[in-house]
2 protein chains.
Amino acid sequence: MSVTAAKGFKAAGVTAGLKQSGDPDLALVVNEGPNLAAAAVFTSNRVKAAPVLWSEQVLKGGQVSAVVLNSGGANACTGPLGFQDTHATAEKTAESLNSAGHDLTGGHSAAMVAVASTGLIGVRLPMDKLRPGVDRAVAQLSPHGGEKAALAIKTTDSVHKTAVVEHPGGWTVGGMAKGAGMLAPGLATMLVVLTTDADVAADELDRALRAATRTTFDRVDSDGCMSTNDMVLLMASGASGTAPAPDAFAEAVHAVCADLARQLVGDAEGASKDIRIEVTGAASEDDAVEVGRSIARNNLFKCAVHGEDPNWGRVLAAIGTTSAAFEPDRLNVAINGVWVCKGGAVGEDRELVDMRYREVRVTADLASGTESAVIWTNDLTADYVHENSAYST
Amino acid sequence: MSVTAAKGFKAAGVTAGLKQSGDPDLALVVNEGPNLAAAAVFTSNRVKAAPVLWSEQVLKGGQVSAVVLNSGGANACTGPLGFQDTHATAEKTAESLNSAGHDLTGGHSAAMVAVASTGLIGVRLPMDKLRPGVDRAVAQLSPHGGEKAALAIKTTDSVHKTAVVEHPGGWTVGGMAKGAGMLAPGLATMLVVLTTDADVAADELDRALRAATRTTFDRVDSDGCMSTNDMVLLMASGASGTAPAPDAFAEAVHAVCADLARQLVGDAEGASKDIRIEVTGAASEDDAVEVGRSIARNNLFKCAVHGEDPNWGRVLAAIGTTSAAFEPDRLNVAINGVWVCKGGAVGEDRELVDMRYREVRVTADLASGTESAVIWTNDLTADYVHENSAYST
């Protein structure tokens, strides 16, 4: 049910013709209220696509009535004209919703329409196709449109990704995500829209969303590459009439984010393994995250996992490049539960490690404290190279 | 002529039997004086192999009479017993040189024998093979042994690497290098031995070597992975009887290092392209280096180059992850001389870019100052994945 699992939302996914394949490429999610509270986190890349710059402004007001998302073009590095295209997309969406008689006190305005784009960088969007696409999406808006919207934001994703948590207290958090490559923290190449019918104000949405992304989407590091376009948007309609306890709400948002983040890892371009790196015994959580990311970004380690080779030396070499607190001769490393490295040297027999399955678990014990963190990544494969060596051609 | 191009040095390369292939795997370079001055730089990885810990101690005295290098085993993460093996290797080398009547006032001692190792991490060296190998190497020492020594330090190298600068002033700097993967700054997986017959004291050797490695070996970033074993050693015999001007000497050391560094890039595992990334218009050299490394480590960019795809969006996305001074809408990027990105947006026609040849030149102009730096890297290929997914098995 995706973004329409929560009451108060309609969605649509249509083919505007931005993709040469003819696959759906334009999604629209509309909040019908009674509330329009919203919060979002954006890529921390300093080179930001036009829709990110636009939506950052929209979110400053804490209210979003609709979000329009296109695949088939990132609208990044397109200069002032690209920004005008984003602005025009928001204007067009508001106009089309108003023309269709879509309910909103005072009418829809561009200032409350968030925009998200994904696809190739450095190419203008074909606005002559996008505008009629918006009209088509508005015409098809439905309280059952969540799946279609999730399909329309796919790029190289092999499957669409949705998640829902229905709280026994009578409110729901649902969401959809796209992302299959260029996955690195802060954020990854992902577009995520979350919706809830809980009655939650914008500042509490913001707190819950930042807490959730910090330990979910921000700890997925498929290939160390950070995009220009990422957005995770959370909209609250209040249509359930229930204002949940902050902790319960934060937990539900976290659960939906964790579910979607795990789906992103599982669908990473060309990957044959999902690697869960848990760093334990760290002096601080920051240390644990730094070490986890260093391992996750080590191409030699990622190749070794692809070859089902429990080459723990590469884990130690990666740990050694960090500034985390540790003593080299106290490091311990387990792969799939076998402690192949103990005290910085050879541990249990590496022949005992079974790496046949898709999920591989690495534990790096820094033996320097009690903090820990989990980072997810993928192996590096020839398929990854093939998919990404001919992406824009 | 490699390490024996300079007068006062003998070298050998033999098969000790450390490699299953039966290829040469033990090299020895002996300084016959009259001087024994030496300097070295080592990996900045905090997980250091036993031979690195040993040789760091040896170099504190500023004098090295011999260096013994083995391929076929890194002797890293092997604990106290591994360190004992390195110590025993130095002792054995000194004893064997003394037994063979090798000239040195006061005799050779382990405290002046540097040791270097390269190969798989986490495996003890077979000392029963290594000891007789040292005897064999001592027996074969020759003033023409430089090539054999260079051959014996190869691991996955497809060719051995040597370089020589003969200064018209009557002195010479020569060297050999091994390295084909795990190449990242500070240092890369490389073993380098440089020799000179110039009469230069240890502190001046140290200055010249650090200045040279900072802009050569430290700016090669083939795959972002830093090793536990790297060493660049410079030994001066003084046998030419000439004490060169410091600048001339530093220039010669730089030239040999630059030559060897370029050879490392050209032989990187599985690579089909050598990529020269020049960052210009930077506010500081540190900014230029940070941006260059960020581009060099971007797997998506490296895949695009492999596919001969001038995907400049990935260059901008990489720049955007740095803390360097720049404005996104003033960035310019050229690929092989074509300015495909101007002012952060679309520039010249990307169809004009010809990427058929092995060397690819990327220029990233930050438009924020006058500093610059060059970083070398390689493309990411399916062959790289294949070579590194079955390395230790």
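This is a predicted model: local features need pLDDT of at least 70, side-chain atom pairs count only at pLDDT 80 or more; totals for chains, interfaces and linings use all residues.
Local features need pLDDT of at least 70, side-chain atom pairs count only at pLDDT 80 or more, and totals for chains, interfaces and linings use all residues. Residues are numbered from 1 along each chain as its sequence is written, chains are lettered from A and ligands numbered from 1 in the order in which they are written, and side-chain values use heavy atoms, with hydrogens and water left out.

In contact (heavy atoms within 4.5 Å) are 13 residues of domain 1 and 16 residues of domain 2.

The two domains bury about 1300 Å² between them. This is the accessible area (1.4 Å probe) lost on putting the two parts together, summed over both. Carbon and sulfur atoms give 39% of the buried area. On the domain 1 side, Arg219(A), Asp221(A) and Val265(A) supply 47% of the area buried against domain 2, more than any other three residues.

Four salt bridges link the domains. Each pairs a side-chain nitrogen of Lys or Arg with a carboxyl oxygen of Asp or Glu within 4 Å. Arg262(A) and Glu359(A) form a salt bridge at 3.0 Å, N to O. The side of domain 1 that touches domain 2 comprises four nonpolar, three polar and six charged residues. Here Ala, Val, Leu, Ile, Met, Phe, Trp, Tyr, Cys and Pro count as nonpolar, Asp, Glu, Lys and Arg as charged, and the others, Gly among them, as polar.
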